[in-house]
Each structure stands twice: as C-alpha cells, then as structure tokens.
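This briefing is intended to be read with the sequence and the coordinates at hand.

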Amino acid sequence: MSRTNVKSLKTPTALPSAVYYGTIIAIGFLALAAIAVHDLIIEAGWISGTEWYAAAFRWFGHISWSTWMWVAAIALVVVGLILVCSSLLLRRRTHVGIYDEWTWTRRGDLARRASAVARTVDSVHKAHTVVGRRRATVRIVTTDAAASDEVSSKVTQALSGTVKPLKVTVKTRVIPVTTDAHHGTSDSDTSTGTSSTGTGTGTEHTTEVSA
Amino acid sequence: MNHGPAAFNRLIVFIVGAAMIVVGAAAIGWKSNASWIHDRMQRLDLNWFRTAPDSSWWVWALVGVAVIGVVLGIWLLAVNVRPQRARTLSLPGSNAGGKLTLAPNKVADAIADEIAAAPEITSAKARALDDRKRELVQVTVVAAPEVSYDDIIARLREAAENLRVALPDESLRPRFLVHLDGARDSASRVR
C-alpha cells in the first residue's frame with residue numbers, strides 16, 4: 001500500500017497539550033489588543049472614560065506590597081510552571097501498530113481481544129487481560145488446569161499481528177467443577193495457581209481492561 | 001498539527017509561562033528580602049511607569065499592542081482551533097480552463113460507509129486530516145472483541161486498495177484505528 005513518493009506514516013498521537021493553553025493565550029492576546037483599541041478610542045476623543053493601560057501603569061508606578069500579592073505571585077509561578085511543562089511535553093502516543101504502517105489499535109483493545117479469545121476455551125469461565133509494553137498477562141478462572149496451554153496458544157496467535165512482539169503469560173486459577181463458576185469465584189474458593197507463557201506481539205505502556 | 005505551527009505554539013506557551021514564573025518569583029523574592037532581587041527592584045524607575053502614559057510615543061505603543069495582539073491572537077487561534085485541517089484535493093484534469101477539486105472529507109465518508117457495511121464491523125467513522133505533513137483519511141473502526149484482527153484487517157485492505165485505485169496520483173493515504181467494543185458488564189482502566 002505504501003507509495004514511494006510520500007513520507008512514512010507517523011504513530012497516531014494525541015494533540016500536544018500546548019494546543020489547549022495556546023488557545024487560551026490567543027484569547028488573551030486578543031483581549032490585550034481590545035484594551036489597546038479601547039484606550040486609543042479614548043485618546044482620539046471619540047468617547048470619554050479611563051484609559052486602562054494608562055491607569056495600570058500609574059498604579060504600578062505607586063506600587064507597594066499588599067497581602068493579596070502573595071496569592072497572585074504564587075499563582076503566577078504555578079500557572080507558569082504548568083505552561084512551561086506543557087510546552088516541553090512530547091505528544092502522547094495513543095495506539096500501537098498492527099500488521100503494517102497504516103493499521104493501529106489501542107493496548108486496551110488488544111486486552112479485550114485476548115480476553116475474548118481466552119473465553120472461547122470450554123473450561124474457562126472468566127478471563128481478564130493486562131497488556132503492558134512487552135507483555136500480555138491473561139488471568140483465567142477455569143475448571144481445568146490444562147487450559148492454560150491452550151489459552152496461551154490461542155492468545156499468542158490472536159495477538160501475533162502486533163508490530164512489536166508481546167510475551168503472553170497466562171495465570172490460572174482452578175476452581176472445582178461443582179462450583180457454579182458462571183457466578184464467579186470468591187476468595188474462599190479452593191484454587192491452585194499455574195502459569196504458562198508464549199510469544200506474540202508488542203505494546204508501549206500498561207493498559208488494563210477487564211473483559 | 002504540523003511541526004512548524006506546533007513548534008511556534010509551544011514557543012509562545014513557553015515564553016508566556018516563563019514570563020509568569022519570572023514575575024511571580026520576582027514578587028516573592030521582593031517580599032522575601034532576597035538580596036539579588038531587591039537590588040534589581042531598587043534600580044527599577046517607578047517614576048517612568050507614572051509618566052509613560054503622558055509621553056508622545058504612548059499612542060504608538062497602544063497601536064503596536066493592538067496590532068501585535070490581533071495578529072498573534074488570530075494566528076494562534078487559526079492554528080489551534082482546527083490543527084489538522086486537510087486541504088482540498090486538486091484532481092488530474094485541472095487546467096487553465098477550470099479546476100477539478102474534491103473535498104477529502106467526502107472521500108473519508110465514502111470509505112467509512114464501505115467499511116461499516118461489512119458484517120464484521122460494528123461501526124466506522126472517518127475524517128480527512130493533515131497529521132505532521134501526512135495527508136490522511138483516518139478511519140476509526142469499531143468491532144466486537146470476538147472478531148479476529150485478521151478478519152478486520154482483510155476488510156480494511158480492501159478499502160485501502162479501493163482508495164488507491166480511486167486516487168492513484170494523490171498523496172492521500174488511509175490510516176485505520178481498530179477499536180474493539182468493551183464488554184457491557186466490565187470495567188476498564190488505564191494505568
């Protein structure tokens with residue numbers, strides 16, 4: 001699908017947070033301009049009133065410390081720090097690549113797919129997946145301890161399309177067959193834990209989705 | 001948002017933020033008797049501020065603030081309100097006698113409709129955008145988690161091929177975001 005005369009596609013990202021602050025600052029610039037126009041109209045004698053910039057300069061010329069200035073000064077520093085940090089923050093990546101450069105999905109969607117695949121195994125009653133940067137951890141509640149290998153194999157296959165390989169780990173909680181598993185398990189259930197691993201495909205930060 | 005406008009936007013936000021920190025810190029330092037700041041505050045000619053509005057250049061300063069404020073404000077707003085707006089496509093066959101154009105969002109809608117008609121797909125929506133100098137039709141596809149990525153990707157490849165055939169000379173390319181429905185009774189979180 002790639003065309004030789006165009007640049008490669010970029011990873012989908014959220015807009016830089018500076019965009020939102022930039023919009024507020026833009027409105028601030030327009031407000032400063034509006035005040036200047038207001039003062040110019042008064043200077044021209046078209047209307048009467050107080051020139052706001054002139055009043056502000058004269059007030060500053062007689063400035064002395066007041067208690068409220070503590071609040072204003074601290075607020076200025078805090079807001080200033082937020083603005084400086086947001087101007088330096090990188091764009092947040094929202095998706096990870098699957099199959100090729102023009103198809104993307106979220107880590108949460110990979111987790112949902114893994115849980116759905118795990119639930120297709122007969123003995124599995126519950127499945128819950130966490131997808132991190134390099135690992136997908138599937139926690140299953142099952143009546144058959146041997147289900148772990150089948151789940152690992154199926155989930156590895158299901159997530160094999162991701163561009164960066166994921167290591168698939170299955171953590172198993174075995175419950176007695178007689179338990180009404182569809183209503184879930186409680187902490188008092190007798191259970192044994194086992195795990196198995198496989199290799200699939202990759203991610204960037206931890207996302208957890210119960211599915 | 002492309003790199004140029006994004007960088008300018010970041011620069012403006014940085015300068016405004018740094019100015020606020022300097023003013024706030026100077027005020028705190030002034031009251032805290034920090035000697036370095038106190039020395040500089042002592043050198044500040046407050047009388048200049050009292051007499052500045054009566055100076056002959058005051059009107060021109062107001063004109064400057066008005067012009068710079070309007071130019072910067074409108075420019076920043078234009079950049080930030082629709083930061084990824086895609087340009088209108090100019091089609092082959094345009095000449096001095098007339099220009100053939102195509103709104104990229106119409107292309108996006110057609111692709112979304114085609115994909116949404118597939119039985120594996122729950123819904124699809126698309127928009128044309130310019131992401132860091134890449135002209136894209138970004139299609140967000142929603143499917144059930146029981147549907148395999150392979151089946152979804154097969155549908156998307158068909159749509160991508162149709163776009164390539166329809167607009168072979170254009171730099172407009174598809175970008176598909178595949179989202180899966182969450183289970184109704186589940187909670188999800190990101191950490």
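A:Thr156 lies in helix 5 (residues 147-158) of chain A, helices being DSSP runs of H or I with at least four residues and strands runs of E with at least two, numbered from the N terminus. This is a predicted model, in which local features need pLDDT of at least 70 and side-chain atom pairs count only at pLDDT 80 or more, while totals for chains, interfaces and linings use all residues. Residues are numbered from 1 along each chain as its sequence is written, chains are lettered from A and ligands numbered from 1 in the order in which they are written, and side-chain values use heavy atoms, with hydrogens and water left out.

- The backbone oxygen of A:Ser152 is reached by the side chain of A:Thr156 at 2.6 Å.

**Composition of chain A**

- Chain A contains five helices and seven strands, and from the N terminus on its elements follow the order α-α-α-β-β-α-β-β-α-β-β-β.
- Of the 211 residues in chain A, 45% are buried.
- The accessible surface of chain A is about 10600 Å², and 60% of it belongs to carbon and sulfur atoms; such areas come from the Shrake-Rupley method with a 1.4 Å probe, and for residues only the protein chains shown count as cover.
- Contacts (heavy atoms within 4.5 Å) in chain A between residues at least 6 apart in sequence join residues at least 24 apart in 65% of cases.

**Strand pairing**

- Strand 3 (residues 124-131) and strand 4 (residues 135-142) of chain A run antiparallel and are joined by seven bridges; two strands pair if DSSP finds at least two bridges between them.
- A hairpin of three residues connects strand 3 of chain A to strand 4 of chain A.
- Within this pairing, A:Ala127 has A:Ile140 as its bridge partner, and A:Thr129 has A:Val138.
- Strand 4 of chain A also pairs with strand 5 (residues 167-174) of chain A, in the parallel sense and over eight bridges; A:Ala136 has A:Val168 as its bridge partner.
- Strand 4 of chain A is largely enclosed by the rest of the structure, because six of its eight residues are buried.
- A five-stranded open sheet has the order 1(A)-2(A)-5(B)-4(B)-3(B), with mixed pairing.
- Its edge strands, each pairing on one side only, are strand 1 (96-97) of chain A and strand 3 (121-131) of chain B.
- Strand 1 and strand 2 (residues 103-105) of chain A pair in the antiparallel sense over two bridges, and A:Gly97 has A:Trp104 as its bridge partner.

**The interface of chain B and chain A**

- The contact involves 85 residues from chain B and 81 residues from chain A.
- About 7200 Å² is buried between chain B and chain A, 68% of it from carbon and sulfur atoms; buried area is the accessible area (1.4 Å probe) that two parts lose on being put together, summed over both.
- On the side of chain B, the residues that lose the most area to chain A are B:Arg10, B:Tyr149 and B:Arg173, together 10% of what that side buries.
- Two salt bridges are found across the interface, a salt bridge being a side-chain nitrogen of Lys or Arg within 4 Å of a carboxyl oxygen of Asp or Glu.
- The side chains of B:Asp54 and A:Arg58 form a salt bridge at 2.9 Å, N to O.
- Helix 1 of chain B supplies 19 residues, the largest share of the side of chain B that touches chain A.

**Salt bridges within the chains**

- Side chains of opposite charge can pair when their charged atoms come close.
- Over all chains, the whole structure holds seven salt bridges.
- A:Asp109 and A:Arg106 form a salt bridge with their closest N and O atoms 2.8 Å apart; A:Asp109 is buried at a relative accessible area of 0%, whereas A:Arg106 is partly exposed at 29%.
- A network of salt bridges links A:Arg106, A:Asp109 and A:Arg112.
- B:Glu161 and B:Arg164 form a salt bridge, the closest N and O atoms being 2.8 Å apart, and both lie in helix 6 of chain B, three residues apart, about one turn of the helix.

Note on methods:
Buried < 20%, exposed > 50% of the residue type's maximum accessible area, 1.4 Å probe, protein only. Polar contact = N/O pair within 3.5 Å; in protein donor to acceptor, adjacent residues only side chain to side chain.
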